[in-house]
Amino acid sequence: MSEPLSFYDEIGGHAAFVRLVDEFYRGVADDDVLRPMYPEEDLGPARERLTLFLEQYWGGPTTYSDQRGHPRLRMRHASFHVNPDARDRWLLHMRAAVDALELPPLHEATLWNYLQRAAHAMVNTFEPSGIGPASSGRPGLPVTAPPPSASAAD
Ligand code: HEM
């Protein structure tokens, strides 16, 4: 008896994941909030990491962990300012990428459901961009200390 196909195989294997992530990064490249978050000049290495991660997650080759170790995705995102705006932008570009694959409805729903849950789980701040420990020193909104009379002891 042959092995049941993995989701990775079912949706088209490596070519499908490359397409998905290429389409996604096409959107990121033009996004005023997301693009500056990516540390490297060239988005190529980030594209490669996301492709390998998603392939591994869906039952494809385990190259991601062979190269990067345990994913620990929340930890790896801790230094980035992932607020609801960033999440929604991430999902907007991912939605366009999923659409481009033209998957059968059940596969499409399975993939999209996961991506939505994962993106919600990655949010690590509710501060507007530029504020908070993960702002990476980017110029932020002016933050002023409350006047002394506003202390909780009053
Ligand atoms: C919610 C909004 C998100 C934002 C703004 C965001 C942003 C980023 C940024 C700026 C990086 C660094 C680029 C790099 O060096 O690789 C990164 C890495 C990465 N992200 Fe996200 N991300 C988000 C959600 C997600 C989700 C939902 C997943 C998985 C389904 C994911 C998977 C990854 C992976 C695998 C890496 C590379 C980790 C590594 O091995 O270093 N991200 N992300």
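In this predicted model, helices α2 and α3 pack with their axes 9 Å apart, at an angle of about 135°. That angle makes α2 oblique to α3. The crossing of α2 past α3 is right-handed. On the α2 side the contact is made by H14, F17, V18, V21, D22 and Y25, and on the α3 side by R47, L50, T51, L54 and E55. Sorted by class, the contact of α2 with α3 holds six nonpolar, two polar and three charged residues.

Helix α2, residues 13-29, also packs against helix α6, residues 84-101. The angle in this pair is about 140°, and the axes are 8 Å apart. Helices α2 and α6 are therefore oblique to each other. Here too α2 makes a right-handed crossing, in this case past α6. The α2 residues involved are A16, R19, L20, E23, F24, G27 and V28. They meet L92, H93, M94, A96, A97, V98, A100 and L101 of α6. The residues of this contact of α2 with α6 comprise eleven nonpolar, two polar and two charged ones.

Helix α6 has a further contact, with α7: their axes come within 10 Å and cross at roughly 165°. This makes α6 roughly antiparallel to α7, because an angle over 145 degrees counts as roughly antiparallel. The passage of α6 by α7 is a right-handed crossing. R87, W90, L91, M94 and V98 of α6 form one side of the contact. The α7 side consists of E108, L111, W112, L115, Q116, A119, H120 and M122. By class, the contact of α6 with α7 has nine nonpolar, two polar and two charged residues.

| Helix pair | Angle | Axis separation |
|---|---|---|
| α2 and α3 | about 135° | 9 Å |
| α2 and α6 | about 140° | 8 Å |
| α6 and α7 | roughly 165° | within 10 Å |

The ligand comes next. It is surrounded by 20 residues, and the closest are A46, R49, F53, W90 and A118. At least two residues of the shell come from each of α3 (44-57), α5 (73-76), α6 and α7 (105-122). Helix α3 gives the largest share of the shell around the ligand, with four residues. The shell divides into 15 nonpolar residues, one polar residue and four charged residues. W90, one of the closest residues to the ligand, is also part of the α6 side of the contact with α7.

The C-alpha atoms of T62 and L52 are separated by 7.7 Å, and the two residues are ten apart along the chain.

As for the protein overall, it has seven helices and zero strands. The order of elements from the N terminus is α-α-α-α-α-α-α. Of the 154 residues in the protein, 16% are buried. Among contacts between residues at least 6 apart in sequence, 71% join residues at least 24 apart.

Technical notes
Residues numbered from 1 in each chain as written. Predicted model: local features only at pLDDT ≥ 70, side-chain atom pairs only at ≥ 80, totals over all residues. Axes fitted to C-alpha atoms, helices over the stretch in contact; angles between N-to-C directions. Parallel < 35°, antiparallel > 145°, perpendicular 65-115°, else oblique. Left-handed = near helix turned anticlockwise from the far one by under 90°. Contact = placed C-beta atoms within 7 Å. Nonpolar A, V, L, I, M, F, W, Y, C, P; charged D, E, K, R; others polar. Near = placed C-beta within 6 Å. Buried ≥ 20, exposed ≤ 12 C-beta atoms within 10 Å, placed from the backbone.
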